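Visitor: I'm new to this and would like to learn how to read a protein model. Could you walk me through one, feature by feature?

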Amino acid sequence: MLCQATLPVWVVTRGAVAAEDDAELTEPAAAALWGLGRVAALEQPRVSGGLLDVPAELDDRTAALLAQVLRQSEEDELAVRPAGIFGRRLIPAPATTAQE
């Protein structure tokens, strides 16, 4: 009898997303992997844990935050940075005046 795994599958990248205002994307291929991960999550929602982006160097604090996310996060798209855990959010665009 085959046993099916019930653990979530997480896609973990480095440099795929800019989590802070002054941050730059450093790995365009990893950003493309995020896009693929989004599609996979839509097609296989039962097995998808989500998408995680981590810094190039994991210090003790960042590793602890990463472990926390894997244990108890309800979010499915996160960036773990030394400053904290960042989730994807939509924010309103600034108001502009119509140009004639």
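Guide: Let's start with R38, which is partly exposed, its relative accessible area being 36%. Here buried means under 20% relative accessible area, exposed means over 50%, and partly exposed is in between, using a 1.4 Å probe and protein chains only. Keep in mind that this is a predicted model, where local features need pLDDT of at least 70, side-chain atom pairs count only at pLDDT 80 or more, and totals for chains, interfaces and linings use all residues. Residues are numbered from 1 along each chain as its sequence is written, and side-chain values use heavy atoms, with hydrogens and water left out.

Visitor: Which side chain does R38 meet in a salt bridge?

Guide: First the general idea: side chains of opposite charge can pair when their charged atoms come close. The test for a salt bridge is a side-chain nitrogen of Lys or Arg within 4 Å of a carboxyl oxygen of Asp or Glu. In this model R38 meets E77, at 3.1 Å from N to O. That pair links distant parts of the chain, since R38 sits in helix α1 and E77 in strand β3 (residues 77-81), 39 residues apart. Helices (H or I, at least four residues) and strands (E, at least two) are DSSP runs, numbered from the N terminus.

Visitor: Is E77 buried or exposed?

Guide: E77 counts as buried because its relative accessibility is 8%. E77 also has a salt bridge with R88, at 3.2 Å from N to O. This one joins strand β3 to the segment after β4 (84-87), where R88 lies, eleven residues apart. R88 is exposed, with a relative accessible area of 51%. Put together, R38, E77 and R88 are linked in a network of salt bridges.

Visitor: How many salt bridges does a search of the whole structure find?

Guide: Four. Another one to look at is D53 with R81, whose closest N and O atoms are 2.8 Å apart. D53 belongs to strand β2 (residues 48-54) and R81 to strand β3, so the pair ties together parts that are 28 residues apart in sequence. Both D53 and R81 are buried.

Visitor: What about charges at the surface? Which residues form the negative surface patch?

Guide: A patch is made of residues with over 30% relative accessible area and no salt bridge, with like charges joined within 9 Å and nonpolar side chains (Val, Leu, Ile, Met, Phe, Trp, Tyr) within 5 Å. Here E20, D21, D22 and E24 form a negative one. Look for E24 in the loop between β1 (9-14) and α1 (28-43); E24 counts as exposed because its relative accessibility is 67%. A23 lies in the loop between β1 and α1 too, and A23 is partly exposed at 32%.

Visitor: And the whole chain? What pattern does it follow along the sequence?

Guide: The pattern reads β-α-β-α-β-β, which comes to two helices and four strands. The radius of gyration, taken over C-alpha atoms, is compared with a globule rule of 2.2 Å times the number of residues to the power 0.38. This chain has 16 Å, well over the 13 Å that the rule gives for 100 residues, so it is more spread out than a compact globule. Its C-alpha trace spans about 70 × 35 × 25 Å along the principal axes.

Notes:
Areas by Shrake-Rupley, 256 points an atom, 1.4 Å probe, with all protein chains shown as cover. Lys, Arg positive; Asp, Glu negative; His and termini not counted. Charge placed at Lys NZ, Arg CZ, Asp CG, Glu CD.
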